[in-house]
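Biologist: Before we discuss any details, could you put the model on the screen, so that we can go through it question by question?

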Amino acid sequence: MDDEDILARIQALVDKEHELRDSPSGDDAPGDDRRSRLRRVEEQLDQCWDLLRQRRAKEDAGESPQEAEPRPIDQVEGYRQ
């Protein structure tokens with residue numbers, strides 16, 4: 001996965017986040033409420049942004065960006081952009 005792939009994933013997640021935020025609350029699927037789906041999307045966004053930052057930092061340091069790996073949610077959750 002390269003930076004362009006990560007950016008495309010981020011855009012897809014942002015689109016999904018907007019869709020979930022804009023959808024009426026009555027559209028929730030049984031057993032899978034909109035809040036829990038939105039939470040998962042936000043967690044995935046946090047991971048993608050963190051991975052992109054890791055890759056860029058490694059590249060700036062003269063290391064291989066391919067060595068960057070996604071970190072667990074509890075390490076990246078709520079990261080401010």
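Modeller: A definition is needed before the elements are counted: helices are DSSP runs of H or I with at least four residues, strands are runs of E with at least two, and both are numbered from the N terminus. Please also keep in mind that this is a predicted model.

Biologist: How are α1 and α2 oriented relative to each other, roughly parallel or roughly antiparallel?

Modeller: Helix α1 covers residues 3-22 and helix α2 covers residues 34-60, and their axes approach to within 9 Å while crossing at roughly 155°. Since angles over 145 degrees count as roughly antiparallel, the orientation of α1 and α2 is therefore roughly antiparallel.

Biologist: What is the handedness of that crossing, and how many nonpolar residues does the contact of α1 with α2 have?

Modeller: The crossing of α1 and α2 is left-handed. Sorted by class, the contact of α1 with α2 has 10 charged residues and one polar residue, and its nonpolar residues number 13.

Biologist: Which residues does Val41 contact, leaving aside its neighbours within four places in sequence?

Modeller: Val41 belongs to helix α2, and because its relative accessible area is 7%, under the 20% cut-off, Val41 is buried. The C-alpha atom of Val41 lies 10.0 Å from that of Asp15, a residue 26 positions away along the chain. With neighbours up to four places away set aside, the contacts of Val41 are Leu13, Lys16, Glu17 and Leu20.

Biologist: Asp50 is a charged residue, so is Asp50 buried or exposed in this model?

Modeller: Asp50 sits in helix α2, and beyond four places in sequence Asp50 touches Arg71 and Val76. Because the relative accessibility of Asp50 is 3%, and buried means under 20%, Asp50 counts as buried.

Biologist: How far apart in space are Arg53 and Ala68, C-alpha to C-alpha?

Modeller: Arg53 is also found in helix α2, where a relative accessible area of 27% makes Arg53 partly exposed. Along the sequence, Arg53 and Ala68 are 15 residues apart, and the C-alpha to C-alpha separation is 9.2 Å.

Biologist: And what is the corresponding C-alpha separation of Ala57 and Ala68?

Modeller: Ala57 is another residue in helix α2, and its relative accessibility of 45% puts Ala57 in the partly exposed class. Ala57 and Ala68 are 11 residues apart in sequence, with their C-alpha atoms separated by 9.3 Å.

Biologist: Turning to the whole protein, what share of the contacts with a separation of 6 or more comes from residues 24 or more positions apart?

Modeller: For the protein of 81 residues, buried residues make up 27%, while the accessible surface comes to about 5700 Å², with 45% of that belonging to carbon and sulfur atoms. Among contacts with a separation of 6 or more, the share from residues 24 or more positions apart is 58%.

Conventions
Residues are numbered from 1 along each chain as its sequence is written. This is a predicted model: local features need pLDDT of at least 70, side-chain atom pairs count only at pLDDT 80 or more; totals for chains, interfaces and linings use all residues. Side-chain values use heavy atoms; hydrogens and water are left out. Axes are lines fitted to C-alpha atoms, for helices over the stretch in contact, and angles run from 0 to 180 degrees between N-to-C directions. Angles under 35 degrees count as roughly parallel, over 145 as roughly antiparallel, 65 to 115 as roughly perpendicular and the rest as oblique. A crossing is left-handed if the near helix is turned anticlockwise from the far one by less than a right angle, and right-handed if clockwise. Ala, Val, Leu, Ile, Met, Phe, Trp, Tyr, Cys and Pro count as nonpolar, Asp, Glu, Lys and Arg as charged, and the others, Gly among them, as polar. Buried means under 20% relative accessible area, exposed over 50%, partly exposed in between (1.4 Å probe, protein chains only). Contact means heavy atoms within 4.5 Å. Accessible areas come from the Shrake-Rupley method with a 1.4 Å probe; for residues, only the protein chains shown count as cover.
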